[in-house]
Amino acid sequence: MNAVYDEQRDLIEEYKDDPNRVTLMTVHAVKGLEFPYVFISGLEEGIFPHTNSLMSHEEIEEERRLFYVAVTRAKKRLELVKDKKRMLYGNENSNLPSRFISEINKDNLKDLTTLAIKAAYVNYLYDEAGD
């Protein structure tokens, strides 16, 4: 599996100076890398953190660590994305926002990123209350 990550890193190096590129990566592959703009999608309970990790404290902590790694890759701007609804296995679902969103210290954020996170956080509190 390390060969796959090495290959991805080689490709990033090859195209790193191309201003027209978009790099899609898993959070597992971004360790040690930085990017001007980072978008983290799927910030919903059952997606990130993944359903398979929800019953284990250790696995939730591993997902939390991966989230931290992903968040800290952004040099200029970080966008966190939660879908209102998503199609999964042929069913439309509306998941709660990821618990990781509410764990972010909002004082460390600024500009539009803060507004996006606050909106997601308000959504999280609203959904949690069952309203």
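Arg64 is partly exposed, with a relative accessible area of 22%. Here buried means under 20% relative accessible area, exposed means over 50%, and partly exposed lies in between, using a 1.4 Å probe and protein chains only. The model is predicted, so local features need pLDDT of at least 70 and side-chain atom pairs count only at pLDDT 80 or more, while totals for chains, interfaces and linings use all residues. Residues are numbered from 1 along each chain as its sequence is written, and side-chain values use heavy atoms, with hydrogens and water left out.

Arg64 forms a salt bridge with Glu61, and their closest N and O atoms are 2.4 Å apart. A salt bridge is a side-chain nitrogen of Lys or Arg within 4 Å of a carboxyl oxygen of Asp or Glu. Side chains of opposite charge can pair when their charged atoms come close. Arg64 and Glu61 are separated by about one helical turn because they are three residues apart in helix α2. Glu61 is partly exposed, at 34% relative accessibility.

Helices (H or I, at least four residues) and strands (E, at least two) are DSSP runs, numbered from the N terminus. Read from the N terminus on, the order of the elements is α-β-α-β-β-β-α-α. Of the 131 residues in the protein chain, 31% are buried.

The structure holds eight salt bridges. One of them joins the side chains of Glu44 and Arg86, at 2.8 Å from N to O. This pair links distant parts of the chain, 42 residues apart: Glu44 is in the loop between β1 (35–40) and α2 (57–71), and Arg86 is in strand β3 (residues 86–88). Is Glu44 buried or exposed? Glu44 counts as buried, at 1% relative accessibility. Arg86 also meets the side chain of Asp83 in a salt bridge, at 3.1 Å from N to O. Salt bridges that share partners join Glu44, Asp83 and Arg86 into one network. Asp83 is partly exposed, with 29% relative accessibility.

The loop between β1 and α2 also contains Pro49. The peptide bond from Phe48 to Pro49 is cis, with omega near 15°. The backbone oxygen of Phe48 is reached by the side chain of Ser98 at 2.7 Å. Ser98 sits in the loop between β4 (91–93) and α3 (99–102), and Ser98 is buried at 0% relative accessibility.

Two other loops deserve a look. Tyr89 is found in the loop between β3 and β4. Phi of Tyr89 is near 55°, a positive value in a residue other than glycine. Tyr89 is exposed, at 77% relative accessibility. Thr26 lies in the loop between α1 and β1 and is partly exposed at 44% relative accessibility. From C-alpha to C-alpha, Thr26 and Ala70 are 8.9 Å apart in space, although 44 residues apart in sequence.

The last stop is on the surface, where Asp6, Glu7, Asp10 and Glu14 gather in a patch of negative charge. Such a patch is made of residues with over 30% relative accessible area and no salt bridge, with like charges joined within 9 Å and nonpolar side chains (Val, Leu, Ile, Met, Phe, Trp, Tyr) within 5 Å. Lys and Arg count as positive and Asp and Glu as negative, with His and the chain ends not counted. Glu14 is in helix α1 (residues 2–15) and is exposed, with a relative accessible area of 54%.

Terms used:
Accessible areas come from the Shrake-Rupley method with a 1.4 Å probe; for residues, only the protein chains shown count as cover. The place of a charge is taken as NZ of Lys, CZ of Arg, CG of Asp or CD of Glu. A polar contact is a pair of N or O atoms within 3.5 Å; within protein, one must be able to donate a hydrogen and the other to accept it, and residues adjacent in sequence count only if both atoms are side-chain atoms.
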